[in-house]
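Student: Could you walk me through some features of this structure and show me how to read each one?
Tutor: Gladly, let's look at it together.

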Amino acid sequence: MSASVIDFLATEARFGAHNYDPIGVVLSRGEGVWVWDTEGNRYLDCLSAYSAVNQGHCHPKILAAMVEQAHRLTLTSRAFHNDQLALFYQEIAALTGSHKVLPMNSGAEAVESAIKSVRKWGYEVKGVPDGHAEIIVCADNFHGRTLGIVGFSTDPESRTHFGPFAPGFKIIPFGDAAALEQAITPNTVAFLVEPIQGEAGVIIPPAGYFTEVRELCTANNVMLVLDEIQTGLGRTGKLLAEQHEGIEADVTLLGKALSGGFYPVSAVLSNNDVLGTLRPGQHGSTFGGNPLACAVARAAMRVLVEEGMIENAATQGARFLEGLKDIRANTIREVRGRGLMLAVELHPEAGRARRYCEALQGKGILAKDTHEHTIRIAPPLVITSEQVDWALEQFAAILTQDFS
Ligand SMILES: *Cc1c(COP(=O)(O)O)cnc(C)c1O
């Protein structure tokens, strides 16, 4: 390790809050699926900033839109109109088939905004007695890091010593429609769920689960809120993961790749009157819907479609999954995925996934462990067959070693 790398790590360690434990690589440049460290070593990015750079690093068209807009106008606040917001609304509504849009910045803000909106809908439209709205969520969920959200997390690391937490949430197992049916009461306003649980280790629910969920929500006048912040925008080989299930959410949450990684942009999309209950002054954000964010998001959505990234995610995802399944290694317990949202779960005896990720770094692959024994694999959606095949060679070389 060169002196400069030690300086970066030591300086971060000295001044930064230690709320992350990064792999020991200092990145300074990115292009497409590739990133380079400060010493000029090249890596295939198999995390894509947790699926925020689906379009590939520094996509030239998103960059151009950002620079062009930054020269003209960056922030007006919502006290005034700007000439990008209406176009953003129009384009995201057309792309997703949504009726109403609420622009925010981070994913967690979109989740918080959805929680506020479905509660308000519950009181003003459904007729739930004030203060009694219930929202059902799933065990092992990940919806972000704000107080409201970690209050209904089941991960002790996310919750411990951050309480007291807000009431009004019920936790049920993921993938269990009968549990949802039992948990619904007349005061239930929403079921908030990820189509595939990403942070939990790419957990795919049983076939037919979401069909039943959709029916239960419709039958009980419960808003189905799908958190597609990670699964959305092509990651699973469809624009939205709900399309694999043939269903439509009442409320859809997008973030991460909505800006192609250039800028924090998130949105709450609703198919009915949920967002319609918000009146001036009742919710907002200084940066939400700013012209720079809107211009960046418009370009990010456009290239996703125009450059065939969603179809490519389906094709290359299938190739990657098959290739991973073909690796014969005692370390592997299960390989799973949909589109380019993939995971290799290791046998507990094989040692921590972190060690494998560190070994992969030596082979020119950056991947991130999750939950001790799982390596998640989520490259940008612009990956080619040759790059998938090269990545598979590196994974095979590392997974056939034993780091226990
Ligand atoms: C990343 C993520 C969030 C939170 O997004 P932030 O921008 O980090 O606040 C919420 N839900 C899911 C499913 C995510 O993957």
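Tutor: Let's start with residue classes: Ala, Val, Leu, Ile, Met, Phe, Trp, Tyr, Cys and Pro count as nonpolar, Asp, Glu, Lys and Arg as charged, and the others, Gly among them, as polar. With that rule, the lining of the second largest cavity has 5 nonpolar, 2 polar and 2 charged residues. Please keep in mind that this is a predicted model.

Student: Which residues line the second largest cavity?
Tutor: They are S51, V202, Q230, R235, M341, L342, R376, I377 and A378. Strand 12 (341-346) and strand 15 (374-377) each supply at least two residues of that lining. The volume of the second largest cavity is about 30 Å³.

Student: How many cavities of 30 Å³ or more are there, and what lines the largest cavity?
Tutor: The count is 2 cavities of 30 Å³ or more. The largest cavity holds about 50 Å³ of space, and its lining consists of V111, A114, I115, V118, I135, L192, V225 and L253. Sorting that lining by class gives 8 nonpolar residues, no polar and no charged. Helix 5 (residues 107-126) gives the most to the lining of the largest cavity, with 4 residues.

Student: How do I read a pocket, and what is in the second largest pocket?
Tutor: A pocket is an open set of points, whereas in a cavity the probe cannot get out. Here the second largest pocket contains about 580 Å³ of space. It has 22 lining residues, and R78, Y89, V101, L102 and P103 are the closest to its centre. Helix 4 (85-96) and strand 4 (100-104) each supply at least two residues of the lining, and strand 4 gives the most, with 5 residues. By class, the lining of the second largest pocket divides into 11 nonpolar, 8 polar and 3 charged residues.

Student: Helix 4 packs with helix 11 as well; at what angle do their axes cross?
Tutor: The axes of helix 4 and helix 11 (residues 291-306) cross at roughly 30 degrees and come within 9 Å. Angles under 35 degrees count as roughly parallel, so helix 4 is roughly parallel to helix 11. Their crossing is left-handed. On the helix 4 side, the contact is made by L85, L87, F88, E91, I92 and L95, and on the helix 11 side by C294, A297, R298, M301 and V305. That contact has 9 nonpolar, no polar and 2 charged residues.

Student: How do helix 12 and helix 14 pack: what are the angle and the distance between their axes?
Tutor: Helix 12 (residues 309-326) and helix 14 (residues 385-399) pack at about 25 degrees, with axes 10 Å apart. The two helices are therefore roughly parallel to each other. Helix 12 passes helix 14 in a right-handed crossing. Q316, R319, F320, G323 and L324 of helix 12 meet S385, V388, D389, A391, L392 and F395 of helix 14. By class, this contact has 6 nonpolar, 3 polar and 2 charged residues.

Student: What should I look for in the backbone?
Tutor: Most residues other than glycine have a negative phi, and most peptide bonds are trans. In this model, Y50 has a positive phi, near 55 degrees, and Y50 is found in helix 2 (residues 48-51).

Student: Is the peptide bond from G163 to P164 cis or trans?
Tutor: That bond is cis, with omega near 5 degrees. P164 is found in the loop between helix 7 (156-159) and strand 6 (169-172).

Note on methods
Residues are numbered from 1 along each chain as its sequence is written. This is a predicted model: local features need pLDDT of at least 70, side-chain atom pairs count only at pLDDT 80 or more; totals for chains, interfaces and linings use all residues. Side-chain values use heavy atoms; hydrogens and water are left out. Axes are lines fitted to C-alpha atoms, for helices over the stretch in contact, and angles run from 0 to 180 degrees between N-to-C directions. Angles under 35 degrees count as roughly parallel, over 145 as roughly antiparallel, 65 to 115 as roughly perpendicular and the rest as oblique. A crossing is left-handed if the near helix is turned anticlockwise from the far one by less than a right angle, and right-handed if clockwise. Contact means heavy atoms within 4.5 Å. On a 1 Å grid over the protein atoms alone, a cavity is a set of points where a 1.4 Å probe fits but cannot get out, and a pocket is an open set with protein on both sides within 12 Å along at least five of seven lines; lining residues have an atom within 4 Å of a point. Grid points are joined across faces, edges and corners, and a volume is the space filled by probe spheres set on the points.
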